Amino acid sequence: MASSTALYWLAALLLLAAAAAPASAAEKETRLRVYWHDVVSGGPNATVAQVAQAPSSNASATGFGSVSVIDDPLTEGPSLTGSRLLGRAQGVYVSAGKDSLSLLMAMNFVFVDGAYNGSSIAIVGANPVNRAVREMAVAGGTGVFRFARGYCQLRTRWFDANTGDATVEYRVHLRHD
């Protein structure tokens, strides 16, 4: 009886140790900072296209119900024209806040230069725009970032209320293979 109890506790300890161990001994942690440039103002340089809206979107202070597709530049520094292009943010955002400006965002950061060229990360979540710091989830990745998971912290660095153009700093914290 004593030996079966000891075996039970040994098995339980082994299961707990296995559950507490990291998924992969080769798992990496990466931190990135990129600047996302949303160019809403019309013309050939616009990186945002509104593709749908609810009948009440124009009357709403938040644009509630509007859907936009993006192909925004991601740069190394805050200047759109003076910083190196690292990639593109490609995806959609939906004005999902009826009473406050909040976007539901789903996008890929597709890297086109540097150490992460050809890799991407998938970002999804709520973006309550009026908060100084927001957070969204990293739900996956490709290439160097295969099996990525983590989060982004967003800070608006510049916003033009007349055009809707914005520059947002993304601090990305990842774990990946």
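Which residues form one aromatic cluster? W36, F109 and Y170 do. This is a predicted model, in which local features need pLDDT of at least 70, side-chain atom pairs count only at pLDDT 80 or more, and totals for chains, interfaces and linings use all residues. Residues are numbered from 1 along each chain as its sequence is written, and side-chain values use heavy atoms, leaving out hydrogens and water.

**Aromatic pairs**

- The whole structure holds 5 aromatic pairs (Phe, Tyr or six-membered Trp rings with centres within 6.5 Å; planes under 30 degrees apart are stacked, over 60 edge-to-face, the rest tilted).
- F109 and Y170 pair edge-to-face, at 5.1 Å centre to centre with 70° between the planes.
- This pair links distant parts of the chain, 61 residues apart: F109 lies in strand β5 (residues 102-111) and Y170 in strand β9 (residues 166-176). Strands are DSSP E runs of at least two residues, numbered from the N terminus.
- F109 is buried at 0% relative accessible area, and Y170 is buried at 0% as well (buried is under 20%, exposed over 50%, partly exposed in between; 1.4 Å probe, protein chains only).
- F111 and Y116 have ring centres 6.0 Å apart and planes at 65°, so this pair is edge-to-face.
- F111 is buried at 4%, whereas Y116 is partly exposed at 24%.

**Nonpolar core**

- The largest nonpolar core has 26 residues (buried Ala, Val, Leu, Ile, Met, Phe, Trp, Tyr and Cys joined through side-chain atoms within 4.5 Å).
- W36, M107, F109, I121 and Y170 touch the most other members.
- Strand β5 gives the largest share of this core, 5 residues.

Key. Helix = DSSP H or I, 4+ residues; strand = E, 2+ residues; numbered from the N terminus.
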